[in-house]
Amino acid sequence: MLRRISVSWLLAPLACLLVIQPCMAQVLPEDRADIMVHSYDGGGVTVTGPSLLVRKKVTKDLSLTANYYVDSISSASIDVLSYASPYKEKRTEVSVGADYLLGDTILSAGFTNSNENDFKAQTASFGVRQEIFGGLTVVSLGYARGWDQVGQITDLDFSREAEKRLYRLGVSQVITKKFVMNMDFEGITDQGYLNNPYRQVRYEAPGAQGYLWQSEIYPETRTSGAVSLGGRYFLGEGSVVYGSARVYSDTWGIDAWNTKAGYTYIHNKKWIFDASYRYYTQSSADFYSDMFPYVDAQNFLGRDKEISTFNDHSIRFDVTYDFAVDKWKFLERGTLNFGYNHILFSYDDFRNVLEGGPAGTESFYDFNAGVINVFVSFWF
Amino acid sequence: MHRLIRLLLIAALLQVAACSSVEPWVKPYERANLATEEMKFDRNPVCESYMNHVYEAREGARGASGSAGAGCGCN
């Protein structure tokens, strides 16, 4: 299915872009710098760190971008407490990219390197973007290839590899003078070692506890497709409502959808307030079970809560303050930004084994998470 | 062969519909509202990228979570 989509339907628009007579002037993204501090706290896991993003035009045709991002993780999640010990680790991600204006087309390329003590990942990406229909439509195509190397800190000889291919088609469409929509399709294929080497599944066993643990076993391939549709509607000066919806399906049997609605309001041309609500739900993978009937019960075994049946609700608030930069002649604009996102995860077939009691009768797990991001942005 | 025909048909269709022959129903001078700060799909890319990462690490679904086509045709 995905192969047909990737070859025919993704190449078709590409062919079109090559034959369409371009007519509108594209522009490169603005020069800006963002310095952010982020924090996630929920389910016994805290993740904090900085992110620095800089984008700068070096010529009138070429814009370069660089991003430095760090996750400092302290984990005592339910998975860790069930069969391992709390841990701390650090992930560092560095990305570089370039956008080149060629006539009326923007060509993009990027490379990302992510590094932690037991997982390394490299991703190369390419994209093309063009306006058509008198500038009312923007079509973008993207391809990315990723290479992962999975290790294990308890076994330094352990090393596995996985590869990823990503195909993307995006369309942004002006509908009316006040209404813009966009559509995004993304197909992803993985091949290789897709397990988490530390994760375990439980199975029924005699004894006081009623169960034992064994290592999870995931399929070595996964193909997924996701389509999203979103829109923004201009209500009046400084007032916008927006919404989006996405459907998702993959070869592991996970079907998911989510929707989001929000409102943006600008006060006094200095303050930007944004509030939104997001709902997400998914079914479990075919090889997921909270407790298998016996050891090695299936070819593939999974008990990660991320592949179980669950839903989550998010409420998010963002505030931006546009501050004067008159004193600094080299700056055009500056903003201070604060965002808070509260997420409630509720699982339908993942039980809280930390509760104890008869195996398989524990209550279903749920937890809240708070996500904070504070950042300053400069345009120059 | 069918794939080639399909490609040529779609290419021909879009060629006909391209800007040289289609009058934009929203003129460039009518797009002021679409070019405002509050109408941008990706007003803060560093923040959106981070939130996508937060969700993708905890949810089974992946992809198509960003602001796809980008831009509003306002340029």
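This is a short tour of a predicted model, stop by stop. Local features are given at pLDDT of at least 70 and side-chain atom pairs at pLDDT 80 or more, while totals for chains, interfaces and linings use all residues; side-chain values use heavy atoms, without hydrogens and water. Residues are numbered from 1 along each chain as its sequence is written, with chains lettered from A and ligands numbered from 1 in the order in which they are written.

**Chain A as a whole**

Of its 380 residues, 50% are buried (under 20% relative accessible area; exposed is over 50%, partly exposed in between; 1.4 Å probe, protein chains only). Switch to a surface view: the accessible surface of chain A is about 17900 Å², and 60% of this belongs to carbon and sulfur atoms (Shrake-Rupley method with a 1.4 Å probe; for residues, only the protein chains shown count as cover).

**Aromatic pairs**

Next, show the side chains of A:Phe158 and A:Tyr193. Their rings form an edge-to-face pair, 5.6 Å centre to centre with 70° between the planes. Rings of Phe, Tyr and Trp (its six-membered ring) pair if their centres lie within 6.5 Å; planes under 30 degrees apart are stacked, over 60 edge-to-face and the rest tilted. A:Phe158 is in the loop between β7 (137-151) and β8 (159-176), and A:Tyr193 is in the loop between β9 (179-192) and β10 (200-204), 35 residues apart. A:Phe158 is buried at 13% relative accessible area, and A:Tyr193 is buried at 17%.

Move on to A:Phe350 and A:Tyr365, another edge-to-face pair, at 6.0 Å between centres and 70° between planes. A:Phe350 belongs to strand β17 (residues 333-351) and A:Tyr365 to strand β18 (residues 364-379). Both A:Phe350 and A:Tyr365 are buried.

**Charges over rings**

Select A:Arg222 and A:Trp252. A:Arg222 lies over the face of A:Trp252, 4.4 Å from the ring centre (NZ of Lys or CZ of Arg within 6 Å of the ring centre and within 35 degrees of the ring normal). Then show chain B: the charged end of A:Arg278 sits over the ring of B:Tyr55, 3.7 Å from its centre.

**Salt bridges**

Stay with both chains and select A:Asp190 and B:Arg62. They form a salt bridge whose closest N and O atoms are 2.4 Å apart (a side-chain nitrogen of Lys or Arg within 4 Å of a carboxyl oxygen of Asp or Glu). A:Asp190 is in strand β9 of chain A and B:Arg62 in the segment after α2 (45-58) of chain B, so the pair joins two chains. A:Asp190 is buried at 8% relative accessibility, and B:Arg62 is buried at 9%.

Go to A:Glu362 and A:Arg202, whose side chains meet in a salt bridge at 3.1 Å, N to O. A:Glu362 is in the loop between β17 and β18, and A:Arg202 is in strand β10, 160 residues apart. A:Glu362 is buried at 1% relative accessibility and A:Arg202 at 0%.

For the last stop, select A:Asp322 and A:Arg333, a salt bridge with its closest N and O atoms 2.9 Å apart. A:Asp322 lies in strand β16 (residues 310-323) and A:Arg333 in strand β17.

Technical notes
Helices (H or I, at least four residues) and strands (E, at least two) are DSSP runs, numbered from the N terminus.
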